[in-house]
Amino acid sequence: MKIRTILVVTLLFTVAVFAQNKRSSYTQFSLSIPLRGNPDRIDDSSEYWFLPDGASVKFGGGFHYNKRIGMGINTGLDWLASEKMVVVPVFANLRLSTKLGPEVLLYLQTGYGKSIVLGRGNLMGVYKKISLGIEDYDGISLFAEIAQYGFSFKNTNEVWSISIGISWTTFKNRDVVPK
């Protein structure tokens with residue numbers, strides 16, 4: 001119940017902010033690679049700490065206010081190689097950013113929605129994600145992301161992933177720079 005109250009308040013706040021500026025929209029495309037710990041790594045060895053564990057592609061769009069606050073809808077495909085599954089997350093996205101330099105933004109994105117597994121019957125869950133990234137003025141960013149899919153598979157705890165990636169965001173009113 002507490003989560004629903006927070007989501008409703010956030011939605012009402014963002015609708016009030018976006019009512020001020022109806023032309024400000026954005027689209028976002030991201031590519032990332034989920035990582036897993038290297039099971040063959042020995043403490044003093046020169047093996048890699050992490051190994052790639054699949055691929056992830058996400059696309060979405062929404063509205064923003066001065067590149068500082070954004071809210072949208074996203075979807076995509078997450079391939080998790082170690083779990084041998086493909087997940088389709090569909091989620092609402094809230095983006096908060098602050099200016100680090102003249103043309104650099106630090107942003108935090110949270111997502112909440114549904115995750116649907118392809119080819120595994122009716123396996124679904126509640127999708128949650130949080131990502132932190134650095135973005136330049138052209139909308140290209142590097143980010144780290146943690147995603148939880150909200151279901152268990154093969155007698156394990158909930159399925160989740162840690163990813164690093166690159167993203168490209170286009171803002172409709174491009175001349176707006178946060179003050």
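Predicted model: local features only at pLDDT ≥ 70, side-chain atom pairs only at ≥ 80, totals over all residues.
Lysine 67 is buried, with a relative accessible area of 4%. This residue sits in the loop between E3 and E4 and has a positive phi of about 65 degrees, although lysine 67 is not a glycine.

**Confidence**

- The mean pLDDT of the chain is 83, and 77% of the residues reach 70 or more.
- Confidence is lowest in helix H1 (residues 2-18), where the mean is 58.
- Strand E7 (residues 124-136) has the highest confidence, at 94.

**Overall architecture**

- The chain contains one helix and nine strands, and along the sequence these follow the pattern α-β-β-β-β-β-β-β-β-β.
- Of the 179 residues, 38% count as buried.
- Among contacts with a separation of 6 or more, 53% are made by residues 24 or more positions apart.
- The accessible surface of the chain comes to about 10,800 Å², and carbon and sulfur atoms account for 66% of it.

- Phi of asparagine 66 is near 55 degrees, a positive value in a residue other than glycine.
- Asparagine 66 has a relative accessibility of 19% and therefore counts as buried, the cut-off being under 20%.
- Lysine 67, at 4%, is buried as well.

**The largest cavity**

- The structure holds two cavities of 30 Å³ or more.
- About 100 Å³ of space lies in the largest cavity.
- Fourteen residues line the largest cavity, and those closest to its centre are Gln28, Ser30, Asn74, Gln109 and Lys129.
- At least two lining residues come from each of E1, strand E5 (85-101), strand E6 (104-118), E7 and E8.
- E1 gives the most to this lining, with three residues.
- By residue class, the lining of the largest cavity comprises four nonpolar, seven polar and three charged residues.

**The second largest pocket**

- The largest share of the lining, five residues, comes from E9.
- The lining of this pocket divides into seven nonpolar, five polar and four charged residues.

**Isoleucine 140 in strand E8**

- Isoleucine 140 belongs to strand E8 (residues 140-152).
- Because its relative accessibility is 42%, isoleucine 140 counts as partly exposed, a class that lies between the limits of 20% and 50%.
- Leaving aside residues up to four places away in sequence, isoleucine 140 touches Ile134, Glu135, Ile166, Ser167 and Trp168.
- Glutamine 28 is 112 residues from isoleucine 140 in sequence, with a C-alpha to C-alpha distance of 9.8 Å.
- Glutamine 28 is also one of the residues closest to the centre of the largest cavity.

How values were computed
Residues numbered from 1 in each chain as written. Heavy atoms only, no water. Helix = DSSP H or I, 4+ residues; strand = E, 2+ residues; numbered from the N terminus. Buried < 20%, exposed > 50% of the residue type's maximum accessible area, 1.4 Å probe, protein only. Contact = heavy atoms within 4.5 Å. Nonpolar A, V, L, I, M, F, W, Y, C, P; charged D, E, K, R; others polar. pLDDT = per-residue confidence, 0-100. 1 Å grid on protein atoms, 1.4 Å probe; cavity = no way out; pocket = protein on both sides within 12 Å on 5 of 7 lines; lining within 4 Å. Points joined across faces, edges and corners; volume = space filled by probe spheres on them. Areas by Shrake-Rupley, 256 points an atom, 1.4 Å probe, with all protein chains shown as cover.
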